[in-house]
Amino acid sequence: MDDDFNTGGAVGVLHELLTALNRFTEKKQLEGIGKASQLAMSIFRKCVIILKELSRVLGLFREPPPSAVAGNDQLVNGLMQILIDLRADARKAKNFALADQIRQRLGQLGVTLEDRPGGTGWRVG
């Protein structure tokens, strides 16, 4: 314990790696939809894993940061109910293409609709 672990230097290196990742993201346009190459995304993901593993040595990122939508459950539930109602209206009007599209688009977001005798429910996953 008498030795200096040079924690400040380690944090500095992590910051440099993060800066390099941000520059790589900008250069390869990884934030644009459909613009990034598979190779660039693969490299980026591997570097993020390395950054997380190195930061855990210092005790960082032990648990995920709080969700930005935490506390907005009422909003999410309300929006989901609107979509479920729109889908039900489309089915009543025999517009099955629209009803199916709503189900499919929610499925792409990881939301599963469950039609039950008492009504339609939803779950993530």
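The questions and answers below go through the helices, salt bridges and surface of a predicted model.

Biologist: What percentage of the residues of the protein count as buried?
Modeller: Buried means under 20% relative accessible area, exposed means over 50%, and partly exposed lies in between, with a 1.4 Å probe and protein chains only. Of the 125 residues of the protein, the buried share is 14%.

Biologist: Which residues of H4 are buried, and why do they count as lying on the same side?
Modeller: An α-helix has 3.6 residues a turn, so residues three or four places apart point the same way. In H4 the buried residues are Ala99, Ile102 and Leu106. They lie on the same side of H4 because they cover an arc (that of the directions from the helix axis to the C-beta atoms) of only 60°.

Biologist: What covers the buried residues of H4, and which exposed residues does the face turned away carry?
Modeller: The cover rests on contact, which means heavy atoms within 4.5 Å, and it includes helix H3 (73-92) and strand S1 (111-116). The face of H4 turned away from its buried side carries exposed residues, namely Ala97, Gln104, Arg105 and Gln108.

Biologist: Is Arg87 buried or exposed, and with which residue does Arg87 form a salt bridge?
Modeller: Arg87, whose place is in helix H3, counts as buried because its relative accessibility is 5%. Leaving aside neighbours within four places in sequence, its contacts are Ala99, Ile102, Arg103, Leu113, Asp115 and Thr120. A salt bridge is a side-chain nitrogen of Lys or Arg within 4 Å of a carboxyl oxygen of Asp or Glu, and with the closest N and O atoms 3.0 Å apart, the partner of Arg87 is Asp115.

Biologist: Which residues are linked with Asp115 in a network of salt bridges?
Modeller: Asp115 is partly exposed, at a relative accessible area of 39%, and it also forms a salt bridge with Arg91, where the closest N and O atoms are 3.4 Å apart. Asp115 lies in strand S1 and Arg91 in helix H3, so this pair ties together parts 24 residues apart in sequence. The residues linked with Asp115 in the network are Arg87, Arg91 and Arg103.

Biologist: How far apart are the closest N and O atoms of Arg116 and Glu114?
Modeller: Arg116 is partly exposed, with a relative accessible area of 47%, and Glu114 counts as partly exposed at 21%. The two form a salt bridge, and the closest N and O atoms are apart by 2.4 Å.

Biologist: Which residues of H2 are buried, and which are exposed on the other side?
Modeller: Helix H2 (residues 38-57) has 20 residues and reaches 29 Å from its first C-alpha to its last, close to the 28 Å expected at 1.5 Å a residue. Its buried residues are Ala40, Leu51 and Ser55, and they are on the same side of H2 because they cover an arc of only 40° around the axis. What covers them includes H1, while exposed on the other side of H2 are Gln38, Leu39, Lys46 and Val57.

Notes: Residues are numbered from 1 along each chain as its sequence is written. This is a predicted model: local features need pLDDT of at least 70, side-chain atom pairs count only at pLDDT 80 or more; totals for chains, interfaces and linings use all residues. Side-chain values use heavy atoms; hydrogens and water are left out. Helices (H or I, at least four residues) and strands (E, at least two) are DSSP runs, numbered from the N terminus. The expected span of a helix is 1.5 Å times one less than its number of residues.
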